[in-house]
Amino acid sequence: MNIERLKEIREDKDIKQIEIAKLLKITQAQYSRYEMGINTIPLEKIEKLAEFYETSIDYLLYRTDEKKPYSPSIIKNKCK
């Protein structure tokens, strides 16, 4: 899966791949393969990126053009 928006949002914020790789605790080469769609990015890493960029996973995956993150889930809050 090529997640082009990962590159777009990263470049819009003038962040280098190596910085995102450190955030995700992976190598820059691994992160580059995620951006190019060579490797599938694990859900927990997509979730971490959505939190970092303060957006939704749906925005990162082009399921919506709304950058604003969703409100916290009532169910998720009850599970804490």
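Reader: Leaving aside neighbours within four places in sequence, which residues is leucine 49 in contact with?

Author: The model is a predicted one. In it, leucine 49 is in contact with Leu6, Ile20, Leu23, Leu24, Tyr31, Ile41 and Leu60.

Reader: Which residues of the largest nonpolar core touch the most other members?

Author: The core has 16 residues, and those that touch the most other members are Leu6, Ile20, Tyr31, Ile41, Leu49, Tyr53 and Leu60. Two or more residues come from each of H1, H2, H3, H4 and H5. H4 gives the largest share, four residues.

Reader: Why is arginine 10 called buried?

Author: Its relative accessible area is 7%. Buried means under 20%, so arginine 10 is buried. The residue sits in helix H1 (residues 4–12).

Reader: What makes the pairing of arginine 10 and glutamate 35 a polar contact?

Author: Their side chains are joined at 2.6 Å, and the cut-off for such a pair of N or O atoms is within 3.5 Å. A polar atom of the arginine 10 side chain also lies 3.0 Å from the backbone oxygen of isoleucine 15.

Reader: Why are H2 and H3 called roughly perpendicular?

Author: Their axes cross at roughly 100° and come within 8 Å. Angles of 65 to 115 degrees count as roughly perpendicular, therefore H2 and H3 are roughly perpendicular to each other.

Reader: Which residues meet where H2 contacts H3?

Author: Gln17, Ile18, Ile20, Ala21 and Leu24 of H2 meet Gln28, Tyr31, Ser32 and Glu35 of H3. By class, this contact has five nonpolar, three polar and one charged residues.

Note on methods: Residues are numbered from 1 along each chain as its sequence is written. This is a predicted model: local features need pLDDT of at least 70, side-chain atom pairs count only at pLDDT 80 or more; totals for chains, interfaces and linings use all residues. Side-chain values use heavy atoms; hydrogens and water are left out. Buried means under 20% relative accessible area, exposed over 50%, partly exposed in between (1.4 Å probe, protein chains only). A polar contact is a pair of N or O atoms within 3.5 Å; within protein, one must be able to donate a hydrogen and the other to accept it, and residues adjacent in sequence count only if both atoms are side-chain atoms. A nonpolar core is a set of buried Ala, Val, Leu, Ile, Met, Phe, Trp, Tyr and Cys residues joined through side-chain atoms within 4.5 Å. Contact means heavy atoms within 4.5 Å. Axes are lines fitted to C-alpha atoms, for helices over the stretch in contact, and angles run from 0 to 180 degrees between N-to-C directions. Angles under 35 degrees count as roughly parallel, over 145 as roughly antiparallel, 65 to 115 as roughly perpendicular and the rest as oblique. Ala, Val, Leu, Ile, Met, Phe, Trp, Tyr, Cys and Pro count as nonpolar, Asp, Glu, Lys and Arg as charged, and the others, Gly among them, as polar.
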